[in-house]
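These are my notebook entries on one structure. I looked up ring contacts, a sheet and the helices that accompany it.

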Amino acid sequence: MNDINKALSLLLSKLEDWGEHLILMLPNLFVALVLLIITFYVARVIRDGLDKVIVRFSHSPALNNLISTLLYLALLMIGFFFVLSVLQLDKVVVSLLAGVGIIGLALGFAFQDIAANFISGIIIAVQKPFGVGDMIETNDYFGVIERVTLRTIDIRKPTGELVKLPNKMVFENPVTNFSSNGIRRLDVEVGVSYGEDLEKVQQVVIDALQEVKNRVKTRDIEVMYDAFGDSSINFKARFWITYSRQIDFVSAKSDAIIKIKKAFDANDIMIPFPIRTLDFGIKGGEKLNEHLESLQAQIQNGRKVSDN
């Protein structure tokens, strides 16, 4: 019974001490609360003002959002530390700073890939090697950029699939931007018979490609022979087109093939079929008709023998 009374008296004394300290701390609590409200208000006002100013210097929404968010969090942290100081919790402030350092180091090791993607995203946002709407190819993925964030780049493939590529992969590997110049060269491979007049073929192809879809008419059409094929002489018809989407490239190539085929038909230019040699087991130098006659004679002799 005495132990219970001692415990109760100790508890009551502690509560009295806390009550006295709470009364003494009421002014500080009021000041801390006012300071905390002011901190949130000032941080929000500064962030909104920065959002309006930073768009004049940077056109990257991801980078703008990052800068304003970091500034907002920094202001809140400063105000929070002032609040702790007003409440005479300086030791807590020191402990928090030490804890933040240790936690930051641990998180750096645990999430180094995320950090690498984040830093790569910042560099990409600053350098701006491509933008939303550009047609690019990287890491064996080809498509249109739909979104650029500080963690991933979203690429919509021509077949409709959406690929989210980590920024680190894009930053560390080659990127081909097909939309950077607004034009692109198109090569069409064709073959003609060995019996054709090659200079005539060149002129026919050049004339046929004059009105191809999306062709850049300030650039010349080039027809260059490049190989003696098994059954044809091969050449490439090269011309430039305006390019913003993959459909521009595909439709121009299709139109070029149609126009070349029609021009060849109109000028009696032949695109030869591939030649294949069939092996009937004939010995070298023996003619096919002689071999067939020999086989026919053997068949007839066999029939006579069977009839007898």
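**Entry 1: aromatic rings**

I began with F228, which is exposed, since its relative accessible area of 69% is over 50%. I note that the model is a predicted one.

I then searched the whole structure for aromatic pairs and found four. In one of them, the ring centres of Y194 and F228 are 6.2 Å apart and the planes stand at 20°, so I recorded the pair as stacked. Y194 belongs to the loop between β6 and α6, whereas F228 belongs to strand β7; the pair therefore ties together parts that are 34 residues apart in sequence. I looked up the accessibility of Y194 as well: at 43% it counts as partly exposed.

I also recorded an aromatic cluster formed by F142, F178 and Y243.

**Entry 2: a charge over rings**

Where does the charged end of R184 sit? I found it over the ring of Y243, 5.2 Å from the ring centre. The charged end of R184 also sits over the ring of F249, at 4.1 Å from that centre.

**Entry 3: the sheet**

I next traced the open sheet of three strands, whose order is β6-β8-β7 and whose pairing is antiparallel. Its edge strands, β6 (183–192) and β7 (222–228), each pair on one side only. On average, and with direction ignored, neighbouring strands of this sheet are turned by 25° against each other.

How many bridges join β7 to β8? I found six, and the two strands run antiparallel, with β8 covering residues 233–242. For M224 I looked up the bridge partner in β8, which is K236.

**Entry 4: the helices**

I turned to helix α6, residues 198–208, which lies across β6, β7 and β8 and runs at about 140° to β7. Helix α7, residues 246–266, packs on the sheet and touches β6 and β8; I noted an angle of about 30° between its direction and that of β6.

I checked the span of α7: its 21 residues reach 31 Å from the first C-alpha to the last, close to the 30 Å expected at 1.5 Å a residue.

Which residues of α7 are buried? I listed Q246, D248, F249, A252, D255, A256, I260, A263 and F264. The buried residues of α7 pack against β1 (135–138), β2 (141–148), β6, α6 and β8.

Lastly, I looked up what follows α7: D268, with a positive phi near 55°.

How values were computed
Residues are numbered from 1 along each chain as its sequence is written. This is a predicted model: local features need pLDDT of at least 70, side-chain atom pairs count only at pLDDT 80 or more; totals for chains, interfaces and linings use all residues. Side-chain values use heavy atoms; hydrogens and water are left out. Two strands pair if DSSP finds at least two bridges between them. Helices (H or I, at least four residues) and strands (E, at least two) are DSSP runs, numbered from the N terminus. Axes are lines fitted to C-alpha atoms, for helices over the stretch in contact, and angles run from 0 to 180 degrees between N-to-C directions. Contact means heavy atoms within 4.5 Å. The expected span of a helix is 1.5 Å times one less than its number of residues. Buried means under 20% relative accessible area, exposed over 50%, partly exposed in between (1.4 Å probe, protein chains only). Rings of Phe, Tyr and Trp (its six-membered ring) pair if their centres lie within 6.5 Å; planes under 30 degrees apart count as stacked, over 60 as edge-to-face and the rest as tilted. A charge sits over a ring if NZ of Lys or CZ of Arg is within 6 Å of the ring centre and within 35 degrees of the ring normal.
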